[in-house]
Structure formats: C-alpha cells, structure tokens
Amino acid sequence: IPERITLIEGYTFAGCNSLTSITIPDSVATIGNNAFATCTGLTNVTIPNNVASIKYRAFAGCAGLLSVTIPRSVTDIGDSVFVDCSGLTSIAIPDTIAVFGARTFQGCTSLTNIAIPSSVFEIGFSAFADCVSLTSVTIPTGVRIVDIAAFSNCSGLTSISIPNTVHKIGGYAFSG
C-alpha cells in the first residue's frame with residue numbers, strides 16, 4: 001500500500017482469500033468497514049502507530065489471522081471487528097480503548113486469554129461470545145457494564161473475576 005494513503009475504505013480487500021500478509025503504511029489513520037473482511041488466508045497484519053480507528057467488521061471472518069497487536073494510537077474499535085477470526089490465539093490491546101463494542105471478538109474460538117486493559121469501562125453485547133477456548137477472565141477495576149451475552153457460550157471458562165466497579169451485568173452474560 002503506498003505511503004500517501006490515509007484511509008483504507010470499506011471492502012477494499014474484502015474476500016481476498018489468497019492475501020496472506022499486509023503491512024499498512026504509517027500514513028493510514030482509519031481502517032474502514034469490512035476493509036479486510038473474509039480474507040481467510042490472511043495470517044499476519046501490521047497495524048501502524050498512526051491508526052486511530054478500526055471500523056465495523058474490518059477483519060471479520062479472517063479465519064487464518066493468528067495474532068494482532070493494536071497500537072496505542074487506536075482509540076476506537078468498531079463492532080464486530082474481529083468476529084469469527086477462529087484462528088486468532090492472542091491479541092494485544094492498548095489502554096487507549098474504552099469500550100469493547102458488540103461482537104468484537106465473538107467466535108474467536110482459538111482465543112485462549114485476553115488482557116482487558118484498565119481503560120475499558122464497558123464490555124459490549126456478545127463481545128466475547130462463543131470464545132470456547134477462553135479459560136479465565138479478569139475484568140479490571142473500572143469496568144462498569146458487562147452487557148448482554150458478553151461471555152455467553154464460553155464453555156472453557158473456569159474462572160471469572162468481577163470487580164466492585166461493575167454495576168450492571170446483562171442477561172445471559174456468562175450463560176453456557
């Protein structure tokens with residue numbers, strides 16, 4: 001991708017199944033809706049330090065994606081950004097993120113642990129639903145809302161720690 005590009009618009013690379021690796025240039029500030037959705041062969045992506053926003057379903061269905069590091073410059077992760085990334089085993093999330101939106105990591109069946117930063121105050125609807133390989137979750141102090149079905153169908157969970165700052169746990173939050 002040329003260095004002069006500042007926005008990767010929606011659906012730009014969607015469905016490029018033979019794409020295995022991509023380095024996004026430092027000039028990019030926004031990764032648009034569905035930009036890399038269903039790129040099932042994508043195993044490696046480097047998100048530069050200037051990206052501030054990763055929009056709705058940007059990497060949804062990238063089943064081959066193994067790990068992701070989100071830089072501190074990112075303050076906005078849209079809904080369903082990593083939904084159904086079944087190969088994702090680890091993700092590094094900076095303390096600049098305040099909300100995990102709806103379905104952010106739903107269906108990431110290989111995700112074994114998640115370090116929720118202390119900056120997060122809301123874990124959205126079905127944010128980690130169907131993450132069957134998660135074994136423990138520590139919700140940090142500062143989280144106020146664990147929304148509906150946030151960790152539903154996480155059948156591998158054996159340990160959950162919820163701080164006193166949580167004042168709302170939605171229905172089905174830990175069901176299944």
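Here is a short chat about some local features of this predicted model.

Student: How many disulfides does the count come to?

Tutor: A pair of cysteine sulfurs has to sit within 2.5 Å to qualify. Take Cys-16: the nearest cysteine sulfur is that of Cys-39, 5.1 Å away. Cys-39 is in no disulfide either, with the sulfur of Cys-16 as its nearest. By that rule, the count comes to zero.

Student: Is Cys-39 buried or exposed?

Tutor: Let's go by the cut-off: buried means under 20% relative accessible area. Cys-39 has a relative accessible area of 0%, so the label for Cys-39 is buried.

Student: And which class does Cys-16 fall into?

Tutor: Partly exposed covers what lies between the buried limit of 20% and the exposed limit of 50%. Cys-16 comes in at 30% relative accessibility, so Cys-16 counts as partly exposed.

Student: Which residues have the most contacts inside the largest nonpolar core?

Tutor: That core has 50 residues. The residues with the most contacts inside the core are Ile-31, Phe-59, Phe-82, Ile-123 and Phe-151.

Student: Now the surface. Which residues form a nonpolar patch with about 320 Å² of accessible area together?

Tutor: Start with Phe-125, in the loop between strand E10 (122-123) and strand E11 (136-138). To join a patch, a residue needs over 30% relative accessible area. Phe-125 has 32%, so Phe-125 counts as partly exposed. The patch is made of Phe-125, Ile-148 and Tyr-172.

Student: Where does Tyr-11 lie?

Tutor: Most residues other than glycine have a negative phi. With a relative accessible area of 57%, Tyr-11 is exposed. Its place is the loop between strand E1 (7-8) and strand E2 (21-23).

Student: What is the phi of Arg-103 near?

Tutor: Look in the loop between strand E9 (99-100) and E10, which is where Arg-103 sits. Arg-103 is partly exposed, with a relative accessible area of 34%. Arg-103 isn't a glycine, yet its phi is positive, near 60°.

How values were computed: Residues are numbered from 1 along each chain as its sequence is written. This is a predicted model: local features need pLDDT of at least 70, side-chain atom pairs count only at pLDDT 80 or more; totals for chains, interfaces and linings use all residues. Side-chain values use heavy atoms; hydrogens and water are left out. Patches are made of residues with over 30% relative accessible area and no salt bridge: like charges are joined within 9 Å, nonpolar side chains (Val, Leu, Ile, Met, Phe, Trp, Tyr) within 5 Å. Accessible areas come from the Shrake-Rupley method with a 1.4 Å probe; for residues, only the protein chains shown count as cover. A salt bridge is a side-chain nitrogen of Lys or Arg within 4 Å of a carboxyl oxygen of Asp or Glu. Helices (H or I, at least four residues) and strands (E, at least two) are DSSP runs, numbered from the N terminus. Buried means under 20% relative accessible area, exposed over 50%, partly exposed in between (1.4 Å probe, protein chains only). A nonpolar core is a set of buried Ala, Val, Leu, Ile, Met, Phe, Trp, Tyr and Cys residues joined through side-chain atoms within 4.5 Å.
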